[in-house]
Amino acid sequence: MDPIIAATHSDPYPYYAQLRAEGGLVFYPGLNMWLASSAQAVAAVLAHPDCHVRPAQEPIPKAIADGMAGQVFGQLMRMNEGERQRCPRAAIAPGLELIDAQQVEALVSARLITADAAGLYNAMFRGPVCVVAALLGFTPAQGRAISELTADFVACLSPLSSPAQLAAAHAAAEQLSGYFIELLDDPHNHSHLLAGIRQRFAADATPSLIANLIGLFSQTFEATAGLIGNAVLALIQHPPLRSDSTHIEDLVAEVQRFDPPVQNTRRFVAAPCEIDGVALNAGDVILVLLASANRDPQLNDNPDAFLLERPNRRSFTFGAGRHQCPGQTLALSIAGATVRQILAMQPALDRLTWRYRPSANGRIALFSDWPAA
Ligand code: HEM
């Protein structure tokens, strides 16, 4: 086990507990990184002004720097500090946080789900991006095409991508940008979300607007799929949860804390600083173990128990500080509505098998049907 393999290990939580026992912020020579594993260290790193989301010498990953995917990446609030983060965030976050759960429920229920592994795949990997596309004013057919392009685009965000995946990501970024150029020109667009975002975005910042709108799709894609998948795994592993009396909002809220789809994120130290009594140098890399912090007894009482009605649940699954996820409420609504719809199909959950997608930080289940006997 190592802290990256942990993200896709069947049960990484005892290992995270061991890391916390060795210290909240400790250097891990095997990966040449610091590990923040306690709630206190994770909070301190995410709050620190000198802990940046990208390394100073490589703001855009070299592998994509020469193409359209790199151009989009370089403008994302998620991948920037200072004005290039604050301005798009100030324009986009307020509208996202206000999206009505009933509107999301209606958009999710409008999609058909089949009661098998292929249906689950579509519900996890297509549905959430289609919901965000619809909220921005795209048609259902455009939403379906956009969810496929998003799959191609996000492949470039992983260090595990092949040259063919990188080429597909550049092409997808180009096409996604084309979709937005047309959408922004469309006088018949009635999306409140888009109207509010445009109103708050500077008129001369269209490339940043488009990149950050594409960013909404890429941020939605894997993390929301992972949350839905981990909720389905909880239903498989705890059959009593499948009862009609289970409150799905409580289920999703506990799953995101207990078994998060985003297990870790990274920070790059931009200037010498001291965090939690530990001296760090410019150039140091910190692996921030969000999933470990959620199980820290300093954060949640009885953290290894799965409790639907957990009082004062606290979680780092959506990050913290200036980059904290502005899509949290929306993600929880999409996941809740999707799980409700999956359950309504009465799928044969006990006939599913699964493995986690290879990833350095995502814990995202891929389901298949049991091979026929
Ligand atoms: C279960 C689903 C989701 C999870 C677990 C999740 C988690 C996260 C986390 C951990 C971060 C911060 C990363 C860091 O600080 O290193 C983040 C940032 C972000 N998320 Fe989410 N997210 C989810 C869904 C969404 C959705 C649905 C949207 C939008 C439609 C969204 C939009 C964003 C954006 C724009 C950022 C960057 C914010 C910034 O840098 O200021 N996320 N998310």
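Is Gln85 buried, partly exposed or exposed? I counted 18 C-beta neighbours inside 10 Å, so Gln85 is partly exposed. My cut-offs: 20 or more other C-beta atoms within 10 Å is buried, 12 or fewer is exposed, in between is partly exposed, with C-beta atoms placed from the backbone.

**Ground rules.** I number residues from 1 along each chain as its sequence is written. The model is predicted, so I kept to pLDDT of at least 70 for local features and 80 or more for side-chain atom pairs, while totals for chains, interfaces and linings use all residues.

**Gln85.** I placed Gln85 in helix α4, residues 83-97. Helices are DSSP runs of H or I with at least four residues, strands are E runs of at least two, and both are numbered from the N terminus. I then listed the contacts of Gln85, skipping neighbours within four places in sequence: Met77, Asn80 and Arg322. A contact needs C-beta atoms, placed from the backbone, within 7 Å. I also checked Gln75, which is 10 residues from Gln85 in sequence and 8.4 Å away, C-alpha to C-alpha.

**Whole chain.** I found 14 helices and 9 strands in the protein chain. The radius of gyration is 20 Å, close to the 21 Å of the globule rule for 373 residues, so the chain is as compact as a globular protein of that length. That radius is taken over C-alpha atoms, and the rule is 2.2 Å times the number of residues to the power 0.38. The C-alpha trace spans about 55 × 55 × 40 Å along its principal axes. Buried residues make up 42% of the 373.

**Core.** I looked up the largest nonpolar core and got 98 residues. Such a core is a set of buried Ala, Val, Leu, Ile, Met, Phe, Trp, Tyr and Cys residues joined through C-beta atoms within 7 Å. Ala36, Val42, Val45 and Leu289 touch the most other members. Helix α11, residues 206-237, gives the most to this core, with 14 residues. Beyond four places in sequence, Val42 contacts Ala36, Val288, Leu289, Leu290, Ala293 and Phe316.

**Helix pair.** I took α8 (residues 140-154) and α9 (residues 163-185) next; their axes come within 8 Å and cross at roughly 145 degrees. Axes are lines fitted to C-alpha atoms over the stretch in contact, with angles from 0 to 180 degrees between N-to-C directions. From α8, Gln142, Ile146, Leu149, Asp152 and Phe153 meet α9 residues including Ala168, Leu176 and Tyr179.

Notes:
Contact = placed C-beta atoms within 7 Å.
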